[in-house]
Amino acid sequence: MTEPGDQQDDPPDPGPEDWWLDAVVYQIYPRSFQDSSGDGVGDLPGIVDRLDYLCQTVGVDAIWLSPIYPSPGLDVGYDVADHRRVDPVFGTEADFDRLVAEAHRRGMRLILDLVMNHTSDRSAWFEASRQSRDNPYADWYLWRDPAGFGADGSPLPPNNWVSFFGGPGWTWEPRRGQFYQHTFLAQQPDLNWREPAVEAAQWAMVRGWLDRGVDGFRLDVFNAFLKHPDLPSNPEQPGSTAWTRQVHVHDRDQADFVELLDRFRALVDAEPGRITIGELFDGGPERAAAMTRGQHLVFDWELIAAPWSAGEFRATVERRERLFGPERRPTLVFSNHDQPRQASRFARSAGSDDVDAIAKAAAVLLVGLRGTPFLYYGEELGMVDVEIPPDEIVDPPARIAGPDFPWWNRDQCRTPMPWTGEPGAGFTTGRPWLRIGPDAARRNVAAEAADEGSVLATYRRLLEARRSVLALRRGSYESIDAGEDDVFAWRRVAPGSRAVVAVNFAGVDCRIRLPAGEARRVVAGTHLDPPAPDGDGVVTLRPFEGLILADG
Ligand code: NOJ
């Protein structure tokens with residue numbers, strides 16, 4: 001039997017160190033991708049079985065796995081009990097090492113999701129910490145005495161912080177006679193990153209995964225790691241929910257966080273070619289830009305919330321271009337495991353039921369804009385949100401949603417990947433952990449792979465175009481006025497390579513004029529027969545049509 005990290009043969013060489021500059025990253029929600037054991041839950045051997053689909057059929061370069069660690073599953077894996085191990089529900093340690101090797105053998109990279117702001121309350125660290133005020137783990141979490149006692153003798157929390165998942169941000173532990181702080185569920189206590197032993201333990205864990213060949217990390221809510229050392233109450237402001245009624249100046253975004261980030265990057269940089277992506281918690285593109293540097297990218301959320309409007313997209317992209325500047329690389333994210341599926345969201349916003357047409361137009365945006373694209377599993381099929389009946393809700397905050405705590409049920413975007421039109425959708429031979437979408441009989445990989453006009457075939461063509469045109473991968477960005485409000489057009493320029501991209505956000509034809517001297521070779525688009533501009537640069541885009549032209 002192999003131990004974690006054992007190298008069997010020479011590890012496969014995954015390719016050049018600057019891979020991340022050209023890469024498209026595919027996010028896998030492991031529970032929902034491919035079940036190989038018949039227990040209804042996706043697993044690592046299932047992912048290995050689908051690597052050829054990812055690199056050959058879709059054409060992505062890297063995969064990011066949502067958490068795969070042992071977890072009681074209260075936040076469906078984002079409550080980690082032991083960060084150094086693989087949850088047996090997903091397979092063995094050897095399965096993980098095989099996944100890394102098989103990905104590398106195909107020239108693909110593997111990115112893990114690190115949840116270092118908090119642990120599960122079932123982690124050995126917290127189990128020890130909560131026992132007493134004087135054990136080796138006593139200061140590993142944010143413990144505080146009560147601010148006083150209420151008339152009924154109940155302890156009062158140390159400050160006004162609330163949980164992002166609803167309710168107070170503090171939970172009482174009678175064994176210590178103290179409260180502990182949690183930004184999310186009470187079962188997800190926040191770590192005390194000001195305790196040096198915590199940082200040392202986290203870095204040891206990170207080093208362990210680097211030694212096993214992991215190519216990068218996505219850092220869950222990384223700007224919340226550090227809190228104000230004195231834990232003062234947040235200032236209050238008018239707002240519609242308990243969370244928005246506070247200005248979150250003390251429970252995240254501390255000035256000394258950059259030093260912590262530097263220490264983390266130094267560790268990662270010891271292994272060349274490793275990237276990290278910080279998940280910005282509740283912040284705008286200014287903060288994302290400020291924390292982006294070199295091989296450390298930062299997710300920001302304006303595009304994931306943008307309405308389907310050429311003007312809004314253009315304004316959002318221009319703002320982020322100004323904030324990031326040409327040196328810093330933004331990310332392109334239209335959906336993930338926390339947000340509505342992009343096809344559903346954009347179609348709703350467009351007031352159209354032509355989901356496929358809008359999914360293809362969104363693909364042109366994702367592939368053509370400047371930044372590193374992150375493609376959430378199933379978006380390449382045009383997967384839509386699946387309505388989950390109340391008695392099947394898994395997402396914990398969705399169970400306690402109410403007027404002061406409105407919540408989007410995230411189960412809707414986490415349903416199993418449909419591979420075939422058969423029962424179980426080729427995802428499982430058992431009972432799926434979450435219901436499969438009702439459209440799986442026709443919206444599935446097998447059907448779409450056989451249809452040149454499908455969303456999947458469109459992604460494949462667009463990603464091929466991205467691989468063949470340098471400007472699409474590395475070029476600068478500049479908006480183009482195509483003379484039509486419903487069309488968003490821009491150019492990308494790299495040494496020896498130019499591209500022009502135009503997307504019609506309207507459900508009607510739009511005639512545009514691209515400036516003279518622009519790239520003229522039609523490379524790809526949403527349609528199988530993309531139109532070429534005439535000699536004056538005039539071209540008519542059909543409803544929701546996207547077009548990529550290039551030179552070089
Ligand atoms: C952000 C993750 O994306 C989300 O799924 C999770 O619930 C919270 N962090 C808490 O870990």
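Predicted model: local features only at pLDDT ≥ 70, side-chain atom pairs only at ≥ 80, totals over all residues.

Mentor: Residues are numbered from 1 along each chain as its sequence is written, and side-chain values use heavy atoms, with hydrogens and water left out.

An N or O atom in the side chain of Asp 338 lies 2.5 Å from an oxygen atom of the ligand, a polar contact (a pair of N or O atoms within 3.5 Å). His 337 places a side-chain N or O atom 2.8 Å from a ligand oxygen, and for a polar side-chain atom of Arg 218 the distance to a ligand oxygen is 3.0 Å. The protein buries 97% of the 300 Å² that the ligand exposes when taken alone; these areas come from the Shrake-Rupley method with a 1.4 Å probe.

Around the ligand there are 14 residues, of which Asp 75, Asp 220, His 337, Asp 338 and Arg 410 come nearest; a residue counts here if one of its heavy atoms lies within 4 Å of the ligand. By class, this shell holds 7 charged, 4 nonpolar and 3 polar residues, where Asp, Glu, Lys and Arg count as charged, Ala, Val, Leu, Ile, Met, Phe, Trp, Tyr, Cys and Pro as nonpolar, and the others, Gly among them, as polar.

Notes:
Polar contact = N/O pair within 3.5 Å; in protein donor to acceptor, adjacent residues only side chain to side chain.
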